Amino acid sequence: MGRNLRSTNLLSNLPQLQNLIKRDPRSYEEEFNQQLHHFEASLAIFELKPDEEAKEFGEIINFLSQVARCYPQKSARFPGQLIDLLQKHYPVLNAELRKSIVQALILLRNRGVISNVTVMPLFFTLFRCRDKKLRSMLYSHIVNDVKVANKGKHRDHKLNKSLQSFMYTMVTAADAQDKHGEGAMAAKKSLDVCIELYRKNVWTDAKAVNVIVQACFSPINKIMLTAVQFFLNPLKKSNEGDEDDEDEPSTNGESAGQTKKNRVNFMMIQHQSNINRKTKYRTRVLDKATRIRKREQAKRDGQLPDEEDEDGIVSGGKKKKGSSGPAVNFDALSLVHDPQSFAEKLFARVHRSATATKRGGSTTDRFEVRLLLLKLISRLIGHHQLQVLAFYPFLQRYLQPHQVDVTQILALLANASHAFTPPDVLQPLIRAVADNFVSDHCAPEVMCAGLNTVRAIAARQPLAVDPDLLNDLVMYRKHKDKGVMMAARSLLVLYRQINPEMLHRRDRGREATMGLISGAPGSTPLGFGEVRAAEGVEGAELLDLPSEDESMDELEYASALGSDLEASEVELEESDDEVDETSDEDDGEDDALELVSDGSAMSEDEGDGSGASEDEDAEPIVNDEGAEPVVKKRVDMMRFLTSEDFARIEKLKRRQRQEGAGRQPKKSKTDDGYSDYSDAEAGSDDEQTGEVDDWAILGDYHSRRRRRKATYEERMDSIRAGREGREKFSSSKAKREKEGRSLSNREKRKTKDFRMISHKRSVVTKGKRKLSQKRRELRQHITKQKKKGF
């Protein structure tokens, strides 16, 4: 009787039975069979009314999913029954029961009872349910399961191919085009899964990227904007909580309330720290809240990039470092199958939306949406060097200083320019920018934006700027505003490097002028579509020169360039004198302008002491025996160059240009420390390939982006570096400390408090002096003052 009672209690107490079965499956096989038969009977009854709550039925499903692996043969049909139940009745099932069934399937999948190929299509189908918690749970499971299946070097190509095909079907399905339909929710979550797997470096192939390409053509703005923002910033973490479904309208309110709550908490912490007793714990809490508040403010001001992802890893497996902005990843754009048609279709949508009217019955996108599409089109054009000629006249209507987000429009105009863009297409735009932005009646910020835009376009297509317009813009290098002056000088430096013939003779500089006279290679500009074939790695001969990091003084470095020690000293002094004379004779030209100019600064008569020619290593070497000269082979012909070699070549090129002008390279402060060369020259090398943003259009002087605050160690290093060579200007206290001595007793007595010396004999007798003695000492003091101490 007692045994039967215990058996009855076990059948009603499923958690206890589950624990006992996991400990000893063979002893409780009969109880498992009873529960399995009970599940099958309940399933048959439940299918008659699938919209019931059926709480007991959910508990049986949870119990069987926990112990199914203990009896694999008897529970072989159980996963298929759950999958069939969800496929047939998922729209009408109770939310809690549906969640229990999904959790049971996830548990069975994690324990290897069913394969992911079997259950994944069902999970994507369940994205159609109007249950945000269920969709969030499915999203997390799918991402993690696919990530585990493709862990390390192993790739489950069968699973990836089937899922990507299924996603493509869901994104392009007919019901996915209805804004209020269930297919739109499924397409949105499928797109989020694809983007998240790309961000985690799981799906980085062309098929996954082209699934996202199809989402850019969706008529639903939410799906389209998610795909467009992925191509604009592939590494930015997607926001899972941005679904504003009609059945759940409280998302935005929750996020807004959370922001307000954080702000109130900071104010409360600050108030409590003022009125309460100071403790170490309260100080730490206040410091942490202050750091968070400052970081959020810096993000709003654009001083910090977007937050790192949860792995803290960007492309290439490297950690993110503090920088002025996030690095642009073009890998996704490179995998697009047909970028020309992709850009044309996007531009057709933008043009149709901009020219449509509500009276005609067509829908119009907001300006913010069109601006995102224009950014993607410009990035496609610049990356793939496409020909979308209608894109440039379309932008001309927005080239006005009062236009909203005009800096972003100017930046995307520069990004859409490349070497194969016809100059006659860009010339009207450059003229419009010059007329509307670069004028004396414009504000300095507007003029700076216009000049920087012209420079960014000219760096990609130098033939787009007319010579007359160029010389007019260069005249602003003497403007009273520093930002305008810097922008005009950067434009002048750029054309000194790429096409000095377009400048007046007085503006070309000595290096460019001597390069044109000598006919040095690279001095003549390229025509439209012309490509100069390279005979080898440019600057490879510089690898034989000593690097700046080696411990060599000026004389040793000059001797390495091919001259004697004594001769190099004389020539360096002569070159410095000549640089000073020529800088004085120039028409008011600044030394800073001469510093960043490109080319050779010395004449051929000055020898190799101040700057070696690039063909130095290729000169023939004559043997002592009078044999035929032997030509020294270039470094790139002897071995393969590494990435360190290319970095050193760029560094030596910049140093050679700086030293050719007879000046030492400037140190410029960056976020991570000190860079090797000036910003004006370093920026010009990356303009042709880098991404131009609205901060670059405004310039460093007028933009809100400020320099990162230096740490205590950096400030002390800067102070110590500034003290070098200035010992004669140091204070007397610093001199005494350096000599290791202190003040004398007589000097210390002058600073003592009077109460400490009032009892001294010298002080007491001084007050008892006679009137004649006081008069005599006063006259001596006056006489000494007239003689100024002598």
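Gln 18 lies in helix 2 (residues 14-23), where helices are DSSP runs of H or I with at least four residues, numbered from the N terminus. The model is predicted: local features need pLDDT of at least 70 and side-chain atom pairs count only at pLDDT 80 or more, while totals for chains, interfaces and linings use all residues. Residues are numbered from 1 along each chain as its sequence is written, and side-chain values use heavy atoms, without hydrogens and water.

**Gln 18**
- Gln 18 counts as buried because its relative accessibility is 18%, the limit for buried being under 20% relative accessible area (1.4 Å probe, protein chains only).
- Beyond neighbours within four places in sequence, Gln 18 is in contact (heavy atoms within 4.5 Å) with Phe 63, Gln 66 and Val 67.

**Nonpolar core**
- The largest nonpolar core has 153 residues, of which Phe 123, Phe 231 and Phe 391 touch the most other members; such a core is a set of buried Ala, Val, Leu, Ile, Met, Phe, Trp, Tyr and Cys residues joined through side-chain atoms within 4.5 Å.
- Helix 17 (residues 367-384) supplies the largest share of this core, ten residues.

**Helices 11 and 12**
- Helix 11 (residues 206-215) packs against helix 12 (residues 221-232) at an angle of about 135°, with the axes 8 Å apart.
- Helix 11 is therefore oblique to helix 12, as angles under 35 degrees count as roughly parallel, over 145 as roughly antiparallel, 65 to 115 as roughly perpendicular and the rest as oblique.
- Residues making the contact include Val 209 and Ile 212 of helix 11, and Phe 230 and Phe 231 of helix 12.

Technical notes:
Helix = DSSP H or I, 4+ residues; strand = E, 2+ residues; numbered from the N terminus. Buried < 20%, exposed > 50% of the residue type's maximum accessible area, 1.4 Å probe, protein only. Axes fitted to C-alpha atoms, helices over the stretch in contact; angles between N-to-C directions.
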